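Please examine the sequence and the structure displayed below.

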Amino acid sequence: MSDSGFLEEDRSIKIQKDAISSAIISGDGNKVVIYQYQLERQVEPQKTSQIEDIGPNPYKGLLAFQEEDSDRYFGREKQIEKLWNVFRTLHEDTTQPEVPLRLLPILGPSGSGKSSLARAGLIPELARRPLPGKSQARVAVLVPGTHPVEALATVLARIATNDQTPVAKTREFAEELKRINDTNLYDGLRRIANVLPEIAISPLVVLVDQFEELYSLCNDLSERQIFIENLINAASDRSGCVSVIITLRSDFLGETQRNPALNQVIAKQGVIVPAMSKEELRRAITKPAKIAGYLLDEAVVNLLLKDTEGREGALPLLQFALTRIWEGLRISVEPIKTLEQIGGVGGALADEAQRIYQSLNQEEKKIAQRVFLGLVQLGEGTSDTRRRTNIHSLVSYKDEPERVRKVIGRFTHPGVRLLTLSSLDGKETAEVTHEALFANWGQMREWLDSSRGDIRFQRRLDEAARIWDENERPEGNLWRNPDLNLLGKYYERASDNMTTLQVEFFNASVNAEEARNQAAIKAEQERKRQRQVLIGVLSTGLLLTTTTAGFAAYQWQSAERRRIEQTAITAKNLLSDYPLQGMVSAISLVGQSRSPFLNFPNQSFPQPILDSLFSAVEISREENLLKVPQGYVSSIAISTDGQTIISGGEDGTVRMWNRKGQPLGEPFKGHQVYVSSVAISTDGQTIISGGQDGTVRMWNRKGQPLGEPFKGHLVSTSVLAVAISVDGQTIISGGQDGTVRMWNRKGQPLGEPFKGHQGVVESVAISPDGQTIISGGSDGTIRMWNRKGQPLGEPLKGHPGGVSSVAISPDGQIIISGGEDGTVRIWNCKGQPLGEPLKGHRGEVKSVAISPDGQTIISAGQDGTVRMWDIRLDTWLKTACERLRDHPVFKKPESADEKNAKETCEPYFH
């Protein structure tokens with residue numbers, strides 16, 4: 001079909017809707033039935049216009065065009081034709097040896113119109129022009145959210161049961177999707193689809209809109225993999241019953257490299273949504289108005305074109321401006337006047353958001369700030385994205401729910417729709433209608449810039465409180481120090497933003513900690529009282545002559561030993577989750593057991609205490625803790641003399657510290673976005689950094705750049721790892737493009753890129769002799785190379801997820817790795833693991849380093865901490881005491897255990 005024929009054809013279709021689905025029926029009787037995972041709440045109808053013969057507002061504002069909007073969706077006709085042809089080609093021949101994977105990726109930046117193109121363009125086109133041999137189709141529309149497998153199961157259950165809330169069937173389908181078949185594949189989607197009624201004549205099309213949520217909202221790597229494998233296996237089945245369409249923000253393309261099969265199909269079959277041409281924009285502006293009964297003035301159209309053409313992410317802004325123009329027409333305000341009032345296309349969105357915000361009173365403004373920040377998912381190396389959440393989680397414990405709903409309602413008015421309300425599993429949810437709000441509303445940017453640390457902390461708190469509540473509130477799920485101390489400080493400055501559940505979790509944690517402290521104080525008082533009794537008995541000589549007193553003393557001594565031994569077992573069990581507290585308890589118990597009233601010559605030292613102390617030394621190797629002012633630490637490095645630590649972080653700066661955690665000088669600034677990796681030369685004079693801006697940069701100790709940034713990794717990909725050789729002449733970098741690269745100090749590449757990883761390269765290191773390069777990747781492997789880029793041996797495997805960081809010891813014999821699983825691992829140069837993984841970080845270990853003597857490992861985590869680990873096993877108690885000498889728990893001991901432990905360690909500090 002020619003473009004002109006497509007543009008002039010009859011675009012009319014019929015829409016039939018019920019509570020579960022909507023059907024698009026073409027003039028020829030072809031039918032596409034759409035089932036939604038998320039049911040959007042209906043909004044109140046618009047008021048009547050004061051202008052005769054003008055129809056309802058034909059523009060969508062910040063909302064994406066839906067399937068039923070296809071009759072007013074203009075300007076993308078050529079792209080609809082292209083997508084339909086590509087999709088048809090994927091279905092044409094399933095008899096060939098290589099069956100095409102029926103998965104169509106639609107790619108583009110935020111605001112490019114991907115969702116509208118898929119939903120108001122391609123899906124209705126499948127009704128007008130069905131797939132070969134099919135006059136019907138069922139379309140399951142979903143967004144991944146935090147639990148993509150559950151989202152897919154829910155929409156499939158609605159199709160199978162025609163029930164709006166199919167709880168039991170959703171649970172059944174979710175289990176099926178998570179089941180592995182005999183060939184170790186997740187193919188539950190294929191099995192479910194194959195038994196749907198009339199699947200042979202009405203195939204299933206799964207449309208996953210906003211596919212980037214799989215990476216921005218779903219933190220479960222296993223669930224991500226299950227979801228992706230189900231889509232791919234169903235779309236590759238020869239039966240042809242299932243096809244898949246995804247829309248994906250292009251800045252998340254790097255994330256797809258974690259799954260090679262998905263990444264390859266995106267590279268092969270992905271369709272990039274181009275910017276609209278001037279003529280296409282003209283049609284998008286004028287045609288809906290013409291159909292609704294009004295011809296826009298040419299001068300207005302030209303002004304809109306001038307503001308929109310060539311502007312990234314401008315389509316939702318254009319639609320929002322057109323919506324405001326139409327609202328003006330309804331009250332007899334000329335379009336040119338409205339356009340002037342709102343400050344053009346760029347000013348409309350920010351102006352409206354600020355206008356509503358300024359109309360609120362002070363308390364309502366605080367609520368609005370909390371609501372909008374609660375609806376943002378902070379980007380980890382990518383732009384911030386929308387976050388869909390239950391409305392009740394936006395209500396502070398001090399707020400009346402109805403008052404919060406009233407504020408939300410101000411931003412969900414049909415003429416504004418800055419926020420969108422939906423229903424999910426019977427619960428009302430809210431989300432920001434379009435991410436354009438983040439970039440264009442100055443107030444929103446100000447909130448985000450000043451609140452990122454608190455947002456991350458509150459999300460962590462919210463998850464902990466939710467798990468505690470779901471598990472019937474056991475004491476074991478409550479926070480203890482140092483987390484409880486952080487929570488106390490957060491409560492002091494931001495309690496107004498905490499939900500009722502979060503406050504209950506905080507109070508329960510405080511009460512449990514107080515109960516433990518009181519119990520320890522009472523136990524200590526009782527021990528002192530009993531000791532005084534025993535001393536009195538000894539001083540009067542009655543112990544030798546009074547049987548009753550002697551028996552009482554013996555009973556007390558036995559009870560104390562049993563208590564200490566039982567406490568030692570508890571301390572040992574505590575180590576896996578609270579290694580620091582477990583070590584403090586173990587040292588304290590040693591001190592208690594050395595009491596002259598317990599440690600008699602004819603009695604051996606209690607074995608449980610020996611076990612707990614040995615385990616503490618094995619597991620808890622933390623020596624100190626450094627904290628950065630903002631965001632998480634993404635990378636660290638340690639100087640050859642072990643006295644200088646370099647860190648790179650989310651705030652886009654490189655920082656220098658001494659071993660005591662004190663900053664050295666001002667932060668280095670130059671990277672436009674977050675710093676992914678840092679390294680420091682052997683002489684300590686040159687610092688290397690790599691960032692999300694795609695550059696490698698070289699600095700002196702004063703933070704001054706040395707030369708121009710190194711550029712070579714693929715455009716739009718991040719440099720995730722850097723290293724520098726001992727002689728300071730060779731720089732290594734690893735990137736999101738999956739390559740390892742070598743450079744000289746002038747930024748000139750040395751040879752061809754090293755290729756082998758099946759995903760992004762997240763970390764690199766170079767041996768002291770400069771002949772061996774180590775790299776770690778998102779494919780879960782650690783690889784060794786020579787300087788020619790040839791692999792040395794087989795990849796090292798052990799981390800269940802990606803390998804975030806690698807380091808090599810000065811003698812080249814030990815390799816250190818840190819991973820997404822939160823562990824630090826030690827290997828020999830043959831790739832064999834040495835000992836058990838080191839645990840302590842809460843979240844991904846972003847970077848690791850090893851000291852020049854090979855005895856201290858430094859690790860930096862997504863939890864915002866830098867940790868130091870001693871890997872020697874000298875005398876257990878001396879090692880444990882030395883480790884905590886400068887730790888805050890010994891600097892300012894608070895609990896009875898901490899005070900006891902410090903007292904026990906005092907002899908080793910002199």
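Two strands are said to pair if DSSP finds at least two bridges between them. The model is a predicted one, and in it an open sheet of 4 strands has the order β23-β24-β25-β26. The pairing in this sheet is antiparallel. At its edges lie β23 (719-724) and β26 (754-755), each of which pairs on one side only. Strand β25, covering residues 739-743, joins β26 in the antiparallel sense over 2 bridges. Within this pair, Val740 stands opposite Phe754 in β26.

Strand β20 is joined to β21 (residues 687-691) by 5 bridges, and the two run antiparallel.

The helices may be considered next, in pairs. Helix α4 (residues 148-161) packs against helix α8 (residues 221-235) at an angle of about 40°, and their axes are 8 Å apart. Helix α4 is therefore oblique to α8. Which residues make the contact? On the side of α4 they are Pro148, Val149, Glu150 and Leu152, and on the side of α8 they are Glu223, Ile226 and Phe227. The residues of this contact comprise 5 nonpolar and 2 charged, with no polar ones.

Helix α15 (residues 362-374) and helix α16 (residues 401-410) pack at an angle of about 75°, with their axes 10 Å apart. Because angles of 65 to 115 degrees count as roughly perpendicular, α15 and α16 are described as roughly perpendicular to each other. In this contact, Glu363, Glu364, Ile367, Ala368 and Val371 of α15 meet Arg403, Val404, Lys406, Val407 and Ile408 of α16. The contact of α15 with α16 divides into 6 nonpolar residues, no polar and 4 charged.

For helix α18 (residues 442-470) and helix α19 (residues 483-494), the packing angle is about 120° and the axes are 12 Å apart. Helix α18 is therefore oblique to α19. The crossing in which α18 passes α19 is left-handed. Helix α18 contributes Asp454, Phe457, Gln458, Arg460 and Leu461 to the contact, while α19 contributes Asp483, Leu486, Leu487, Tyr490 and Arg493. Among the residues of this contact, 5 are nonpolar, 1 is polar and 4 are charged.

It remains to consider confidence. The protein chain averages a pLDDT of 80, and 81% of the residues score at least 70. Among its elements, strand β7 (residues 204-208) has the highest mean pLDDT, 96, whereas helix α1 (residues 3-8) has the lowest, 43. Over residues 1-10, pLDDT stays under 50, and the model has 16 contacts beyond four places in sequence for this stretch. Residues 541-548 likewise stay under 50 in pLDDT, and for them the model has 6 contacts beyond four places in sequence. Where pLDDT is low, the predicted coordinates should not be read in detail.

Note on methods
Residues numbered from 1 in each chain as written. Predicted model: local features only at pLDDT ≥ 70, side-chain atom pairs only at ≥ 80, totals over all residues. Heavy atoms only, no water. Axes fitted to C-alpha atoms, helices over the stretch in contact; angles between N-to-C directions. Parallel < 35°, antiparallel > 145°, perpendicular 65-115°, else oblique. Contact = heavy atoms within 4.5 Å. Nonpolar A, V, L, I, M, F, W, Y, C, P; charged D, E, K, R; others polar. Left-handed = near helix turned anticlockwise from the far one by under 90°. pLDDT = per-residue confidence, 0-100.
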